[in-house]
Amino acid sequence: MLSRLHDFIRRESLFAPADRLLVAVSGGLDSIVLTRLLHEGGYKIGLAHCNFRLRGEESDADEVFVRQLAQALDLPFYSESWPTQAIARQRGVGIQVAARELRYEWLEIIRQSNGFDWIATAHQLNDAMETLLFHLAKGCGIHGIQGIPPKNGRVVRPLLFATREEVEQFAAERRLPYREDASNTSDKYDRNRIRRHAVPVFKAINPALERTMQENLQRFKAAEYLFNEAVDMYKSRWVQAEDRELRINLAALRTHPHAHTLLVEWLSPLGFHPDQLAQALDNTRQTGAYFDAAGYRLLLDREALLVQPHTQQDPTAIYEIKAGEGIYETPAGLLKMSLHQGAPDSFSADNNIALFDAATLNFPLRLRKWKSGDWFCPIGMHGQRKKLQDFFSDAKLSRFDKENVWLLENAGSEIVWVIGYRMDERFKIHPFTAQYWRFELSME
């Protein structure tokens, strides 16, 4: 077992020989065997025990047992206890979920504060097999058929090479004492039912089930690797990142027979539900369809899907700009203002630069977002009015684009400049202009 442990750690590149491991020890069979193997293998370890207070005196006895083991082996020991049932109610989750969250949150705190490199848990091959069956029963994608990965972040599982039978045999040969958890024989939990009832049926079909499943897990791992490569390849072709926005080529995506799978892989990490993404791909959906996730929003915009984080700006806020040359920090960006004599020799084609006849501006100017009913006289239209909504539609601005538009407003409430798009005809430079203001907006 020890040589196989060394081989597994090396093959999976779990950690370096000199690294320090914080071993999560419940006192049960698996964690005791892992502790003994790592200790005999000369690895630098400390023991951590979680008391979830779910079995009364038995839980406290488990903690005493692990503490005594740490003392006998002269190893660092850490423990913590929680009223797990009460915390589960507070968080609105099941007891097992609450216990798992508490466990890993606390283990990571202990790892960081005490100089450990890794957290080691005692999952073995049967655990990985049962997890795979659980995921299949509940429904999962390719990522769910991995069972339990040998390495996940700072958590390593050095015992995944061994079956439960091999672990039991090792403990029997060494006469290792361990604690029995009566809840493992209960059908209260889904995984116990899989272990006690489903697995024996599969083993009757294939007595070498564990090793067969180990080979399957390796194949699934290779398939996931190739799957991820394909997902990333299509993402590089069809997803553009522009500032804080993702732009997905919807026309190209819809030609793929597994467009929904690709979209789920790209956007579910941002909080979007697969059902929302299926609706976004629906050909009957009209431009402007909008979907919300916790921190992001998704917009169907003609031939693209646009994704942006939620904005925290107040759309009703107004920011005053007083007369004076200089560079000012505004919500729209850095605004550089300079006053010049006479008329300019030339005009810039940059829509973030605007020149205004100084005699037409009445300070303080106001910077604000647009609202329904706004209108202005776009330069080049000879003083004709145009509603901003119509102007935006002609410019093919998305809902997200429109939300990001800032207006510069005169003291008399006339719109002077739709920043980044068009200034107003009424404030332009004339041949008789004596002074002009030059405004330049930048994000730097």
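Residues count as buried under 20% relative accessible area, as exposed over 50%, and as partly exposed in between; the views below come from a predicted model.

**View 1. Helix α7, residues 164–174, with its buried and exposed residues.** Arg 164, Val 167, Phe 170 and Ala 171 are buried in this helix, and because they cover an arc of only 125° around the axis, they fall on the same side of α7. An α-helix has 3.6 residues a turn, so residues three or four places apart point the same way. On the other side of α7, the exposed residues are Glu 165, Ala 172 and Glu 173.

**View 2. The surroundings of helix α7.** Just after α7 comes Arg 175, which takes a positive phi of about 55°.

**View 3. Val 23 in the largest nonpolar core.** This core has 49 residues, of which Phe 15, Val 23, Val 33, Leu 38, Ile 45 and Leu 47 touch the most other members. When neighbours within four places in sequence are left aside, the contacts of Val 23 include Leu 34, Leu 38, Ile 45, Leu 47 and Ala 120. Another core lies apart from this one and has 25 residues, among them Leu 253, Leu 263, Ala 280 and Leu 300.

Technical notes
Residues are numbered from 1 along each chain as its sequence is written. This is a predicted model: local features need pLDDT of at least 70, side-chain atom pairs count only at pLDDT 80 or more; totals for chains, interfaces and linings use all residues. Side-chain values use heavy atoms; hydrogens and water are left out. Buried means under 20% relative accessible area, exposed over 50%, partly exposed in between (1.4 Å probe, protein chains only). Helices (H or I, at least four residues) and strands (E, at least two) are DSSP runs, numbered from the N terminus. The arc is that of the directions from the helix axis to the C-beta atoms. Contact means heavy atoms within 4.5 Å. A nonpolar core is a set of buried Ala, Val, Leu, Ile, Met, Phe, Trp, Tyr and Cys residues joined through side-chain atoms within 4.5 Å.
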